[in-house]
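Reader: I would like to learn how to read a protein model feature by feature, beginning with a single residue and ending with the whole chain. Could you take me through the one shown here?

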Amino acid sequence: MRDYEVVIGLEVHAQLKTNSKIFCSCSTQFGAGPNENTCPVCTGMPGMLPVLNGRAVEYAVKMALAVDCEVNRRSLFARKNYFYPDLPMGYQISQFELPVAEHGHIDIHTESGVKRIGITRIHMENDAGKNIHSPADNASYVDLNRAGVPLIEIVSEPDMRSAEEAVAYLKSLRAILVYLGICDGNLEEGSFRCDANVSIRPRGQKEFGTRAELKNMNSFRNIQRAIEYEVGRQIDLVEDGETIVQETRLFDAAKGVTRSMRGKEEAHDYRYFPDPDLLPLVIDPDRMEAWRAELPELPAARCRRYQETLGLPEYDALVLTAEKEVADYFEATLETYSEPKKLSNWVMGEVMRELNDRGATLTDCKVRPSELAALVRLVDDGVISGTIAKNVFKELFETGGDPEAHVKAKGLVQISDTSAIEGLVDEVLAENPAEVERYRGGDRKLTGFFVGQVMKKSRGKANPGLVNQLLAKKLG
């Protein structure tokens, strides 16, 4: 079998968090009744004229600045012509020859280090509607609520060489959008979605292979699965002497396979031409600099600060800053608890574990940052053990409340009385003579067994430090 190199480029569509659509005043609210958020403009009625949403322009430029793109002072809107039931005008208003921004990049973290991924262009466009297929009714319906919702399309260079790199790029891109506050990054609702162009070539070959475009991927896991399957499919075709066809393929998440949807279109198939109803978009330099000044601290800068100022390891900094709400929660807790590394362990451990286990977000967590800080201090002060603290956090997750009051009400205060713990240690040693003999014969691994037995007898309330000290003393 020959050695192949994978070549991946991504086209990301990010829905901008404006209150109204890009060319009309209809609401962008998700979840409204079918065709409720529509008007003659976004439903393509004859004679209706689009009016550009200024906030959408601001958000597009801010994203361009955040990824070091060159913002074009003058850009053009074009009509991208194709016919589909959810596209009432028969064309999409997009940008082609002159996009709003070009030539940017973002850096991603891979197993082999930091890698720079080029961004070819960012352009603005309106979204299409949504087709809803009902097998029960043997019919298809069209909901145009999404038609006209503002999008930016972020097109990468074909710089990624594995599915893992593609996912790392997407997570970094999504984090920037969320930090900027211009997109909610929700994959399931379609406000952050991507198409992947995947091809293979013999390692060392400069020319690109024939690519397939993958669609219908609504999670990072499915994106990785789709790319990995497609790479394997293309290698099998080449090894069998068959030809790879340039086409658009859908990913079937249930079966874990891609299947052909249609032949892949080229730019000329869309018959682009400047939209006669929209003037060229001209960005005022002073306004652009004002937008630049409004940019928040972005994930990469925040990650560096956590390492340089707080002294956190790179891994901790990357995990904490990957999601804005997690980083905000960490910093809010740090305002009343001054040990960053210990707090980092708590947030990356118990806090994120509870979120993952419950399928929740920090909005659902009722333990406020000040309460988490108070809980960790109870461990520091020897009031409760780390194990009990973890259980307390789990119990307070949905209600919040004062950890110290909760601990006292539940009778969870740690036993730190030496004589009381000594009695428990004596009981455990008396009940396990064979293990005591093995320990004294050199089997030091039994320390954990003895500690566990004492903690069990104390219902987890014995001070672990004292337990270890007394065991060491008793066992010689």
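Author: Let us begin with Arg271, which lies in the loop between strand 14 (257-263) and strand 15; helices (H or I, at least four residues) and strands (E, at least two) are DSSP runs, numbered from the N terminus. Before going on, note that this is a predicted model, in which local features need pLDDT of at least 70 and side-chain atom pairs count only at pLDDT 80 or more, while totals for chains, interfaces and linings use all residues. Residues are numbered from 1 along each chain as its sequence is written, and side-chain values use heavy atoms, with hydrogens and water left out.

Reader: In what order do the strands of the open sheet lie?

Author: Two strands pair if DSSP finds at least two bridges between them. Here 3 strands form an open sheet in the order 5-4-15, with antiparallel pairing. Strand 5 (91-94) and strand 15 (273-274) are the edge strands, each pairing on one side only. Strand 4 (residues 78-81) is joined to strand 15 by 2 bridges, and the partner of Ala78 in strand 15 is Pro274.

Reader: Which residues of helix 7 are buried, and why do they line one face?

Author: In helix 7 (residues 324-334) the buried residues are Val326, Ala327, Tyr329, Phe330, Thr333 and Leu334. Seen down the helix axis they fall within an arc of 160°, so they line one face of helix 7; the arc is that of the directions from the helix axis to the C-beta atoms. These buried residues pack against helix 2 (163-180), helix 5 (299-308), helix 6 (314-322), helix 8 (340-358) and helix 9 (369-380), where contact means heavy atoms within 4.5 Å.

Reader: How many residues are in the largest nonpolar core?

Author: In soluble globular proteins, nonpolar side chains tend to be buried together. A nonpolar core is a set of buried Ala, Val, Leu, Ile, Met, Phe, Trp, Tyr and Cys residues joined through side-chain atoms within 4.5 Å. The largest one has 105 residues, and Met63, Ile122 and Leu372 are among those with the most contacts inside it. Helix 2 gives the most to this core, with 11 residues. A second, separate core of 18 residues includes Leu424, Ala462, Leu471 and Leu475.

Reader: How many disulfides are there?

Author: A disulfide is a covalent bond between the sulfur atoms of two cysteines; the criterion used is a pair of cysteine sulfur atoms within 2.5 Å. A search of the whole structure finds 0 disulfides. For Cys194, the nearest cysteine sulfur, that of Cys183, is 13 Å away. Cys194 is buried, with a relative accessible area of 4%.

Reader: Finally, how many helices and strands does the chain have?

Author: The chain comes to 15 helices and 16 strands, and 48% of its 476 residues count as buried.

Terms used:
Buried means under 20% relative accessible area, exposed over 50%, partly exposed in between (1.4 Å probe, protein chains only).
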